[in-house]
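Here is a walk through a structure, taken one piece at a time. Have the model open beside you as you read.

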Amino acid sequence: MAEKKKAGLFDLRGILALLFAVYGVILTGMGLFATSQEDLDKAAGININLVMGLVMLATALVFFGWARLRPLAVPVTTEDGASAESDH
Amino acid sequence: MHYLADADLRLDAGPIDYAILIIYFALVLGIGAMARRSVNSSLDFFLSGRSLPAWVTGLAFISANLGAVEIFGMTANGAQYGLPTMHYYWIGAIPAMVFLGLVMMPFYYGSKVRSVPEFLLRRFGRFAHLTNGISFAIAQVLIAGVNLFALATVVNLLLGWPLWVSIVVASAIVLAYTSLGGLSAAVYNEVMQFFVIVAMLLPLTFVGLHKVGGWQGLVDKIAPEVKGGEVAGSTADQLSSWPAMNLTGIGSATLSVLGVVFGLGFVLSFGYWTTNFAEVQRAMSAKSMSAARRTPLIGAYPKTLIALIIIIPGMIAAVLVPELRAVKAGTGDGSVTYNESILLLIRDLLPNGMLGIGITGLLAAFMAGMAANVSSFNTVFTYDIWQAYVVKDKPDDYYLKVGRMITVVGCVVAIGTAFIASTFDNIMDYLQTLFGFFNAPLFATFILGMFWKRMTPLAGGLGLIMGTASAVTVDTLNRVGVLDLAGQGASFVAASAAFVVDIAVSVAVSLVTKPKPESELRGLVWSLTPRDQLRHDDTGENAGWFRKPVVLGAGVLALTVVLNIIFW
């Protein structure tokens, strides 16, 4: 594998992790502390804010973990089809 | 008439919902500013320097299409027609995306062209190039206006902002990030939008299903579609995807299936997904041939499944929402239409918090739709019109500057289009259908040109013009009542006509004109391209059986067949 330097274009996975962490915290908070009976009736008894808040926190963790496990890097020589970055 | 609709649809957005919306758009602009740093050349600006990983381009590939027309249109179709709507995905999009990845992408990426019109220039010369370049540029900038108008309408309905404020604010945001960060910013935001849209659609589907009593509850409660006192679509029609006679409006089951498979599946969808540069551009920005081929294939998996969480909520809306039940029973008062299905469902199912996600998802989708139009428009304008015919042979930063300038022009024209649309919305509907017709003959020209080396430059250009003309003719005949096709059948027939006429004209013209010399067609025509030029590197990060395009393509086709059988 070619020698690596820091990637020119930033890593989207970090942004996605950030977005879903913030949304997850907001929704989980809403689900735990600000759910009225009316809200529950609307969603047929499901506390949808809480459920989706937790799902989003999990999503944030997945993106964070993925980005940590396989960090973005580009080879010094970028010849077509021969790059050494591994992020899929 | 619209006053009532406004009052009905106003959502109770609270401070939390606004906070969610603001966080999203702060990130959108942040991505634009950060992507700015990686733009050093025109190729960086227009094609992300061909550097993006396949999962990013794959999600952007389907996200670019997940705009206003798709989200409103497909939930509306779900509410009105039911399961036959699935054909737009499983017969339409998926096979075409697989074909693009397996067969066509090696030509696009391998020939190093920077746009779809540029491929036409290399294969057929200037006539076909100009025909396609100009029609594409005009279509994109006008459709950007349609997306902008749809967005402003939603903001107006949901949040009560005046139309012009939303038009100006939304276009300013799109302009800011597309002119700063170019395609990279557009693509990154499309991926982010994809996840937010899914975060909106998933709970709508699950909560909705829970509320109607599960799948069986939905099946039991679904109502026949009544139009003018007659049943236009029985419940049985809506609950099985074949023969889709309620969708096509074609009276014979055999012809209806033929219309779906050939018109929608083969011509319309292959035309759209394989030749529309707004889509193909995402794949061209991938970092290697392998990643470019995997782009539409990776996109195809979520595309297959998104059909479920976009069409089923539509069907649920027609059962749960009282206003839509009235529309379906033919007793609606005109205050709502099927197009509002998703808005009504959000209103009825999502509490504050998730409501903010819903609003953000919709606005993000429309804005990303507009950004996709703008970012493909500026590329085609700069490379295929300005650099090719107007100001040639300037240094690269000149074209980067032109690209940024024309992005501004594109957004301004889109604002104009949006304002025109706000006074004549039927015209916009019509334009949109019309532009759809540019794609159908394009596919015929591409496929013939890629596999028949004898096809001549004149045939390329004339085929496109005659094909489009015949689609417009069929559509006009249907509109004035000479042909009588209700439903969506008319566009299937129009597209089929365009395809057949394009092939016929191209073959006839080719036989009497002189083809290009074979030496100029290397890499552009199947039989003249060395096989190893169509192959890609499959070592390193492109290694592994699960990254083989054939395996990915076969996998998604198998998934689609299974879903087709389940929802037969």
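A crossing of two helices is called left-handed if the near helix is turned anticlockwise from the far one by less than a right angle, and right-handed if clockwise. Hold on to that for a moment. What you have here is a predicted model, where local features need pLDDT of at least 70, side-chain atom pairs count only at pLDDT 80 or more, and totals for chains, interfaces and linings use all residues. Residues are numbered from 1 along each chain as its sequence is written, while chains are lettered from A and ligands numbered from 1 in the order in which they are written.

Now for that crossing: H15(B) and H17(B) cross in the left-handed sense. Helices here are DSSP runs of H or I with at least four residues, strands are runs of E with at least two, and both are numbered from the N terminus. The axes of H15(B) and H17(B), the latter spanning residues 341–349, come within 9 Å and cross at roughly 65°. That makes H15(B) roughly perpendicular to H17(B). (Axes are lines fitted to C-alpha atoms, for helices over the stretch in contact, with angles running from 0 to 180 degrees between N-to-C directions; under 35 degrees counts as roughly parallel, over 145 as roughly antiparallel, 65 to 115 as roughly perpendicular and the rest as oblique.) From H15(B), the residues involved include Pro313(B), Gly314(B) and Ile316(B), and among their partners in H17(B) are Ile342(B), Leu344(B) and Leu345(B).

Is it buried or exposed? Ile316(B) is buried, because 30 other C-beta atoms lie within 10 Å; the cut-offs are 20 or more for buried, 12 or fewer for exposed, and partly exposed in between, with C-beta atoms placed from the backbone. Setting aside neighbours within four places in sequence, Ile316(B) is in contact with Gly208(B), Leu209(B), Val212(B), Leu218(B) and Leu345(B), contact meaning C-beta atoms, placed from the backbone, within 7 Å.

Elsewhere in chain B, the axes of H8(B), residues 126–159, and H21(B) come within 7 Å and cross at roughly 25°. That makes H8(B) roughly parallel to H21(B). Among the residues in this contact are Phe127(B) and Ala128(B) of H8(B), with Leu464(B) and Ile465(B) of H21(B). Just after H21(B), Gly481(B) has a positive phi of about 95°.

A cis peptide bond, with omega about -5°, joins Trp242(B) and Pro243(B), and Pro243(B) sits in the loop between H11 and H12 of chain B. Ser48(B) is in the loop between H3 and H4 of chain B and is buried, with 30 C-beta neighbours inside 10 Å. Asp393(B), in the loop between H18 and H19 of chain B, is exposed, with 6 other C-beta atoms within 10 Å.

Then there is chain A, which runs β-α-α-α-β along its sequence. Buried residues make up 32% of its 88 residues. Where the chains meet, chain B brings 37 residues and chain A brings 30 residues. Helices H2, H4, H9, H15 and H18 of chain B each supply at least two residues to the side that touches chain A, and H9(B) gives the most, with 10 residues.

Terms used: Two residues are in contact if their C-beta atoms, placed from the backbone, lie within 7 Å.
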